[in-house]
Every structure is written in C-alpha cells, then in structure tokens.
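Please keep the sequence and the coordinates open while reading.

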Amino acid sequence: PNIRPLLDFNFAATKKLDPRLEYQRSGPASFVNEFGKVVLVGGNTPRFDHDPVTRESKGFLIEESRTNYAVYSTTVSNEYGSYYNMINGAVLVNNAGVAPDGTNTATKMYPASSGAARGIEDIYSLPGSSASWTTSIYVKAAGHTGWIGLYGVNGSAIAHFNPSTGTKGGTTSGGAITDYDIIDAGNGWYRIYITMTENPSSGNEYFYIYFADANNSVTVTHSGTNCILMWGLQVEQGTFPTSYIPTNGSTATRGVDLCQITGEDFSDFYNQSEGTIVSEHSIATGVASGDNTYVYQVDDGNDLNVAFRLLDHNSAHGDVLRTYGFLSNNWSSTLYGTQTSTPDHDSFLKVAVGIKKDDFGVNFFGGTTYTDTSGDINVDMTQLTIGNHRGGTAPLQGYLRRFIYCLLYTSPSPRDLSTSRMPSYA
C-alpha cells in the first residue's frame, strides 16, 4: 500500500524522541553508547542503548524503577573507611584501570597470600521481606587467569565465573540461587550477576568476591600478578540485573521510564474510527512469568476504554504476547485480538495491529494474520502510552526499536490469511 504513516518513531536509527513525546524519569541511570561505554545520566534523560560488543543500536530503553542498595558502587574501594573490608590480606589499588564508563576509576584487587577466602567483603542491610535479590558487578581479568566466586546477598550462596575467558562456572551452597550469568560488556569487561531468594529482615546481608584457582572453589595460589579490576557494584530487588544505577555515599533509585502523547499532539494524528500500529520490541532476559510488560496502549485517559493494547508478559493472559481492546473496563471480554506463544527474550518482535469496526487484524512476526469481523470500535481515545500501562505501571522492561501509526487499516484477504496487507514499513 502507498499509505504513509502519520507517526514513524525509528528509535534505533534516530536515537532521540520526537517533540510530541512527553518523557520523564527520576533519578540517576545509565546506558551503553555507540562506542560501547557506559554513560551515566541524571533524571529526565531518555536512553538509547547499544550492544557493548557489536555496538548495534537496540533502541529506546524502558525499565521499571529499581534501587541500588550498594552505597558506594561506582568505585569499589576501601578508601571509604570500613564500607568495604579486605579479607585475609587481599589488596586494593584505587584508580588502577579504565572502567566501563571510560574513566580511570576501576579498582584493582589481588590476593597477597595463598589460601582460602582471599577477597573483598561488604556488610549492609536491605529492606523488606522474602524476595528475589540480584547482585551484579563489572569485572575484568588483569593477570588473574583463574576463577572468582560472587556471593549472593545471604553471604553463603556462590556463583563462579572466569573473567579471563568469560566462562560461567558452577554454584556452591546455592539452594536459594535462581539465576546467575556472565555478560560480555566489551573491552575485556564482563558483568557478572547472581540472583537468589532471601529474607533481608533476618539481619545483615553481604557482598563478597573471592579468588580461586579452580571452578567451584574459593582457594587461590598467590602469584603476585593474579589481579582483577572491579567497577559498578549493584544490589537490587528483582529477578535480573537492570542497567547500572550509580551511587556515591547513599542508595539511589532510578524511576520508571514514562513516555506519552496527549492533548492536541494526540488528537492531531489519531483517527478514532480506524488505524494501524506496527511495532518492534524486545524484553530483557530474566523477565519472569507473571510480570506485566506493556509495549504500548491507546486509551481514554482513565483506562476504562482501550483501542490498542499490546502485552508481552501478563499472568492474566498466560504470559504470551497478546493484543486487544476493550470497552467499559471489561477487559476480560475483548473486542478483538488473539495470542501466540512468546519467543525468546532479547529477540526483537514485530507486531502489526489494525482496527476498524467489524474488521480487525493482528499479525505476529510476519506469520498468520488473525482477524475478527464482529468487534466494535472504541471512540474518544485521548492518549498514547509507549512502553507502559497508564500511569507508568507494567513497563516494557526492554527496548522499543520502532513504533509506526497509520491512519487507515486495510484488512487482509480472506483467501490467504498467511499474508497480511497491513502496511509494512519495517
């Protein structure tokens, strides 16, 4: 079709927000720029993330609110008095290497003698009751060719990693561990993390890194050159690590990313009787079943009437990708839509949705187009929310690469539902 879109937000290519998009986010945050560096930014700065290795643009980063409880995190150093403790003669050297953010703030650590439990410790408290907690930190081998053990917040569960090879090892005392991994952060750096279930109200919590010669061990042979670099400690409540939140003397909270078009900016482009939305998004590895992740929503401002809604995960819908609309707050009886099993996390998913009275169509990933010929049409829509539910709840937890809105909807041919005639601009 020769129908041109009224909105075409190619976030991955332009790396900026259209002036019609109202954006806000409180607190410090970070993203990876096109040079592979971690960029630290303040509130109300939208983030356009990149793969730190390939430098590929991922698009508009949209995350939920998280708090980093590691009070001194950017520089992992005992220059802060007793905040970090060195165990069994391990040694720190401040400002000894270029950190992932490009500054000379990486801390070098090495064991001063041979034996077990050589490393660094941090003792702190966490709020709340039993929950998932994720500890993450950037590490880089600087002479150490062996392994390191990263402890979960309970101070006993350990995940093992080799920062010289980027290898994920085993776990010990890991009954409460639900996830752990090593992620290539570019330039020899890796971000390692461990997620576990813990009840912080029971007392002190811990951060440890210990050296080891072998996997599933915390015993090391001192060589004088077996060093690692560290930067960017993060302790957060959640089932996976989010983008790094810098701290310097106190905890810091990154607010949820909010993005909307309202008022005349909305009414100037939106057609109340028919239209098409084409989007491309991904959600982060670690988003759990039951988490709510909204790609976008067009509604009446009160969430009682919805014209377009695209969900990726939602416990009420079986944790599958789904699009639908509803009237009078009766979302359980949808006007249109269908669902399909959600593909792997971190893969970009293209979805096209067309609406018109008694003529609806949904296409997932260029496959079958599902139609509904008996649905009504919502009227008096007033806003478009990108990457969230109304009010900023249920954020995408990932990336929006592209968002397209077209004034009209051309229904697919009933003779061949595998071929969608919805406008395709990807």
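By class, 20 nonpolar, twelve polar and eleven charged residues make up the lining of the largest pocket. In this classification Ala, Val, Leu, Ile, Met, Phe, Trp, Tyr, Cys and Pro are nonpolar, Asp, Glu, Lys and Arg are charged, and the others, Gly among them, are polar. The model is predicted: local features need pLDDT of at least 70, side-chain atom pairs count only at pLDDT 80 or more, and totals for chains, interfaces and linings use all residues. Residues are numbered from 1 along each chain as its sequence is written, and side-chain values use heavy atoms, with hydrogens and water left out.

**The largest pocket**

The volume of the largest pocket is about 970 Å³. Of the 43 residues in its lining, those closest to the centre are Asp49, Pro52, Lys58, Ile183 and Tyr399. A pocket here is an open set of points on a 1 Å grid over the protein atoms alone, where a 1.4 Å probe fits, with protein on both sides within 12 Å along at least five of seven lines; lining residues have an atom within 4 Å of a point. Its volume is the space filled by probe spheres set on the points, which are joined across faces, edges and corners.

Two or more lining residues come from each of β3 (29-32), β5 (48-50), β6 (57-62), β17 (177-186), β18 (189-198) and β33 (398-406). Strands are DSSP runs of E with at least two residues, and helices are runs of H or I with at least four, numbered from the N terminus. Which strand gives the most to the lining of the largest pocket? That strand is β17, with five residues.

Two strands count as paired if DSSP finds at least two bridges between them. β17 and β18 are joined by eight bridges in the antiparallel sense, and Asp184 stands opposite Tyr190 in β18.

The other open sheet has six strands in the order β8-β12-β19-β14-β15-β16, again with antiparallel pairing. β8 (84-87) and β16 (167-172) each have a single partner strand, so one side of each is left without a neighbour in the sheet. Within it, β14 (147-151) and β19 (205-212) pair in the antiparallel sense over four bridges, with Tyr210 in β19 as the bridge partner of Gly149.

**A strand covered on both faces**

In β32 (383-386), Gln383 and Thr385 on one side and Leu384 and Ile386 on the other are all buried. Buried means under 20% relative accessible area, exposed over 50%, and partly exposed in between (1.4 Å probe, protein chains only). β32 pairs with β23 (258-261) in the antiparallel sense over two bridges, and Ile261 stands opposite Leu384. β25 also runs antiparallel to β32, joined to it by four bridges; here Tyr296 stands opposite Ile386.

Asn271 lies in the loop between α2 (263-267) and β24 (274-283), and Asp300 lies in the loop between β25 (293-299) and β26 (306-313). Asn271 counts as buried because its relative accessibility is 17%. Asp300 is buried as well, at 13%. Their side chains make the contacts below. A polar contact is a pair of N or O atoms within 3.5 Å, where one must be able to donate a hydrogen and the other to accept it; residues adjacent in sequence count only if both atoms are side-chain atoms.

| Side chain | Backbone atom reached | Distance |
|---|---|---|
| Asn271 | oxygen of Glu274 | 3.2 Å |
| Asn271 | oxygen of Leu407 | 3.2 Å |
| Asp300 | nitrogen of Asp303 | 3.0 Å |

**Positive phi**

Ala117, a residue other than glycine, has a positive phi near 60°. Ala117 is in the loop between β11 (115-116) and β12 (119-124) and counts as buried because its relative accessibility is 18%. Asp358 has a positive phi near 60° too. Its place is in the loop between β29 (349-356) and β30 (360-364). At 36% relative accessibility, Asp358 counts as partly exposed.
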